[in-house]
Amino acid sequence: MIPKFIKIKQTFPRPRVDDIAGRIEKELAQMGLSEKILPGQKIAITAGSRGINNIPQILAIVAARVRELGGFPMAVSAMGSHGGGTPAGQRDILASLGITEETIGCPVICSSDVTKLGVTPTHKIDVYCAKEAVEADGVIVINRIKCHTAFRAPQESGLLKMIGIGLGRVPGAEAIHSMGTEHMGQVILELARIVMTKINVLGGLAIVENSYEETEGIYGLKPEEFEEQEAILLKKANGLLPRIPFERIDLLIVNEMGKNYSGTGMDTNVIGRWRIPGVPDPGSPQVKRIAVLDLSEPSHGNANGIGLADFTTKKLVNKINFQATYLNCLTTGILNRVMIPIILENHRKVIETALKTLRLSDISQARVVRIKNTLHLEEMWVSENFREEIINTPGLEIVSQPMELRYNQDGDIQDCLEE
């Protein structure tokens, strides 16, 4: 018998910026843009593929400030191989994030053009940069600071990665991923250092988000501050990363995966799996089986990370754009993450089969957690046998009576996490 579920709420610390515009104006002033931008200069502003909160507003304010100083702002696509590596795919991704010429008030340049700038000293990796950034009079880098899903280093996802990989587009992403993940932190640093000697980086806005995907802070950094401050901000971001509050889980059910939640569809730091040959998994939480039920629309069919799961549905697989997914995978070189798991007809079949493979003497005692996605973890359904842990864990609250899973006539769960 499948266990009954209780709905819980998880409360996280919630530091946030209420006056986004005021904060950006202050940070741009700290960067000293008024002394760096001359009338008539073309200024490139990086636009990435991640779903960063308030990103259209942030880009619009930066573009407006550039115009006030007499410059000509342009948003430049900086997303490695995402969007299928094509200008049209990049534009679709940016539009899905609310980034268009109309919303940010300046041209949005999507291109696959790059310029080779050199070779890294240690691993001899070719260094590429978007042609528009190379030809611009100045570049303003904007990105969220966050832990990476494939390696650990003092700097992971942030301004330096945007410079080293994002602006490198497909050739840059392929070059760095060609040597695996072991030294990726060091290589990104070397890539960024070389690019910053070849283009005029004016400064950057480093964004940190809280556990509710709200803007915790926007930090204006001068180029010479990038390395030191990014390491400091990464520690802050890691402390705010939402996590599943249980260490041992028999079955984790993820309602929806997608690029808008994580570059790997499901955040490896949340599910405790990296699936990189030769690299130990994070080890926390310890999850025996993972089932993912659907793929988000903003992913545009890119199912990178599907291989992190053990079970999935026909509905999800039918949404996969294999060309975009495989390009993303082949660029990173981590093939395991796109290997298709066991495919079953519907939610009921997926859950019942996954539970059966646990080989438990009493399935009703399985420790099961069901989440919306790996980004939004403030609400989840968990099996009743977590009750004592919930009661004894600060920040957790039970908000429903025990309930059985309800399926519709197609065998899919009704009202997923919406009750």
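Reader: Where is the place of arginine 169?
Author: Arginine 169 sits in helix α8, which spans residues 169–177. Helices here are DSSP runs of H or I with at least four residues, strands are runs of E with at least two, and both are numbered from the N terminus. This is a predicted model, in which local features need pLDDT of at least 70, side-chain atom pairs count only at pLDDT 80 or more, and totals for chains, interfaces and linings use all residues. Residues are numbered from 1 along each chain as its sequence is written, and side-chain values use heavy atoms, leaving out hydrogens and water.

Reader: Why does arginine 169 count as buried?
Author: Buried means under 20% relative accessible area, exposed over 50%, and partly exposed in between (1.4 Å probe, protein chains only). Arginine 169 has 1% relative accessibility, so it counts as buried.

Reader: What makes the pair of arginine 169 and glutamate 132 a polar contact?
Author: A polar contact is a pair of N or O atoms within 3.5 Å; within protein, one must be able to donate a hydrogen and the other to accept it, and residues adjacent in sequence count only if both atoms are side-chain atoms. The side chains of arginine 169 and glutamate 132 are joined at 2.9 Å, so this is a polar contact.

Reader: Which backbone oxygen lies 2.8 Å from a polar atom of the side chain of arginine 169?
Author: That oxygen belongs to aspartate 113.

Reader: What does arginine 169 touch?
Author: Contact means heavy atoms within 4.5 Å. Leaving aside residues up to four places away in sequence, arginine 169 touches several residues, including Val76, Ser111 and Ala130.
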